[in-house]
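Here is a briefing on a predicted model and the ligand it holds. Look at the sequence and the structure before reading on.

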Amino acid sequence: MSSTQTILSASRLHKTYHLGRVEVPVLQDATIDVREGEWVAILGASGSGKSTLLHLLGDLDQPDAGDGQIVFDGRKLGEMSRSQRNAYRNRSVGFVFQFYHLLPELNVVENTLLPGLVGIGRLRYYQVIKSLRERATELLKDFGLGHRLKHRPRELSGGERQRVAIARALINQPRVLLADEPTGNLDEHTGAEILELIAAQHRSGLSIVMVTHDRSLAERADRVVELHDGRVVD
Ligand SMILES: Nc1ncnc2c1ncn2[C@@H]1O[C@H](COP(=O)(O)OP(=O)(O)O)[C@@H](O)[C@H]1O
Ligand SMILES: [Mg+2]
């Protein structure tokens, strides 16, 4: 059954930051495996390296040299061409940040459809812009933002901003959603709404990796692993 296949895995990842002469070891042999359709929560204290690990999984940053590797759908990131890797980062995975990272000068629809425009030429732009706008609008309406389409991020509440960020993460129909403390900046009620939205994506088959420091949030996932001393433990 395809639902038991691994969609994304990372093995033996190491990451040490260098602050001048000071070394900050963060990941030491981190290994994780995500199956197709699975929702995995990575639980860890503040500073345990959750964001670092998620950034590596999303190819937003690179692990230290070594035998560590990340494999998506049977293909090693390290063996992909630059354009395949760009496609991985922009299309195969969708990323949701704790602090939304919306572009302030773009409205809600424009923020949402932006990943659909990354790396395409002018001709392709004219071919896709209409359907991208439609898909963005549809997603935003589904997320209860039909009355906010032309608003700028600063005119939205935190919960509304995170809904936009999730719509943006889904615009290219990724295979895996990577969510970094998606409710970490929200009040409890709003956070619960955002978690419901993520749960609904999971029910419709999306694979999800969510990092959090909150055990009660983590327990909504199919499986909880913990990041401790730079390693992922069950
Ligand atoms: N760019 C960086 N340079 C130096 N140290 C960093 C950098 N990013 C994170 N760190 C340090 O690495 C550790 C793990 O950070 P992070 O992955 O953000 O943890 P978490 O998301 O679990 O709070 C922390 O001690 C943090 O201060
Ligand atoms: Mg973090």
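Which residues are around ligand 1? They are Y17, L19, V24, V26, G44, S46, G47, S48, G49, K50, S51 and T52. A residue counts as near a molecule if its C-beta atom, placed from the backbone, lies within 6 Å of it.

This is a predicted model: local features need pLDDT of at least 70, side-chain atom pairs count only at pLDDT 80 or more, and totals for chains, interfaces and linings use all residues. Residues are numbered from 1 along each chain as its sequence is written, while chains are lettered from A and ligands numbered from 1 in the order in which they are written.

**Shell around ligand 1**

- β1 (6-19), β2 (22-35) and α1 (50-57) each supply at least two residues of the shell.
- Helices (H or I, at least four residues) and strands (E, at least two) are DSSP runs, numbered from the N terminus.
- α1 gives the most to the shell, with three residues.
- By class, the shell has four nonpolar, seven polar and one charged residues.
- Ala, Val, Leu, Ile, Met, Phe, Trp, Tyr, Cys and Pro count as nonpolar, Asp, Glu, Lys and Arg as charged, and the others, Gly among them, as polar.

**Four-stranded sheet**

- An open sheet of four strands runs in the order β2-β1-β4-β5, with antiparallel pairing.
- Two strands pair if DSSP finds at least two bridges between them.
- β2 and β5 (75-76) stand at the edges with a single partner strand each, so one side of each has no neighbour in the sheet.
- α1 packs on this sheet and touches β1, β2 and β4. Its direction makes about 125° with that of β1.
- Contact between two residues means that their C-beta atoms, placed from the backbone, lie within 7 Å.
- Axes are lines fitted to C-alpha atoms, for helices over the stretch in contact, and angles run from 0 to 180 degrees between N-to-C directions.
- β1 and β2 run antiparallel and are joined by eleven bridges.
- The bridge partner of T6 in β2 is R35, and that of T16 is P25.
- The hairpin of β1 and β2 has two residues between the strands, and G20 there takes a positive phi near 60°.
- Four bridges join β1 to β4, again antiparallel. L8 has F72 as its bridge partner in β4.
- β4 (residues 69-72) and β5 run antiparallel, joined by two bridges. V71 has K76 as its bridge partner in β5.

**Six-stranded sheet**

- A second open sheet has six strands in the order β6-β7-β8-β3-β9-β10, with mixed pairing.
- Its edge strands are β6 (93-96) and β10 (231-233), each pairing on one side only.
- Neighbouring strands of this sheet are turned by 20° against each other on average, direction ignored.
- β3 (residues 39-43) pairs with β8 (residues 207-212) in the parallel sense over five bridges. V40 has V209 as its bridge partner in β8.
- α1 lies across β3, β7 (176-180), β8 and β9 (223-228), running at about 155° to β8.
- α5 (residues 158-170) also packs on the sheet, touching β6 and β7. Its direction makes about 165° with that of β6.

**Helix pair α5 and α6**

- The axes of α5 and α6 (residues 188-203) come within 10 Å and cross at roughly 15°.
- α5 and α6 are therefore roughly parallel to each other. Angles under 35 degrees count as roughly parallel, over 145 as roughly antiparallel, 65 to 115 as roughly perpendicular and the rest as oblique.
- G158, G159, Q162, R163 and I166 of α5 make the contact with T190, E193, I194 and L197 of α6.
- The residues of this contact divide into three nonpolar, four polar and two charged.
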